[in-house]
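I opened the notebook to look up a few features of this model. My entries follow the structure below.

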Amino acid sequence: MNDSDKVTGQMVDYKDHNDNAPPSYSAPSPLFKSVLRFHANPNCGRCRGTGYIGKFKHIAGGRCFQCIPDDRWDSLLGDLIATGTNEKTGEAVCEVRCVSSSVYSSTGYIVTRIGIPPIENISIFSTIDEAYSYASKMYGA
């Protein structure tokens, strides 16, 4: 059975026909790798500043836990408020999250892709209605 991971974009083959074989993972999507690179420590000796370690692609998409540990990743994501779905397909396309000023420039709401923290300049909305309006405009959600 092949599945695609919504966050990393990896294809996962669970090999149901062979119980003894571990699942096979493709490389994460270029978008996921660019998010890792953006948030990584450029001086990291473990991943050389990429935020990605290929031989660990089966664990959190290969995210370097020295650069981007779980608590940092969680603070980049913020608290999930709502998931936006495409009105035509019903597929989840974005998330509205509440973020704090400890990681971002101010406290408020952001709209991101599913499970991926933003890259570069992100709009931080002061009200949830503004965030919903933006999600509707950008993602059709």
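How far apart are the end C-alpha atoms of helix 3, and what should its 12 residues span? I found the end C-alpha atoms 16 Å apart, which agrees with the 16 Å that residues 128-139 should span at 1.5 Å a residue. The expected span is 1.5 Å times one less than the number of residues. Helices (H or I, at least four residues) and strands (E, at least two) are DSSP runs, numbered from the N terminus.

I noted the ground rules. This is a predicted model, where local features need pLDDT of at least 70, side-chain atom pairs count only at pLDDT 80 or more, and totals for chains, interfaces and linings use all residues. Residues are numbered from 1 along each chain as its sequence is written, and side-chain values use heavy atoms, with hydrogens and water left out.

After helix 3 comes Gly140, with a positive phi near 65°.

Strand 5 (residues 92-99) pairs with strand 6 over 5 bridges.

Then I checked helix 1 (residues 30-39). Phe32, Val35, Leu36 and His39 are buried there (under 20% relative accessible area, 1.4 Å probe, protein chains only). These buried residues fall within an arc of 100° seen down the axis, so they line one face of helix 1. The arc is that of the directions from the helix axis to the C-beta atoms.

Key
Pairing = 2+ DSSP bridges. Buried < 20%, exposed > 50% of the residue type's maximum accessible area, 1.4 Å probe, protein only.
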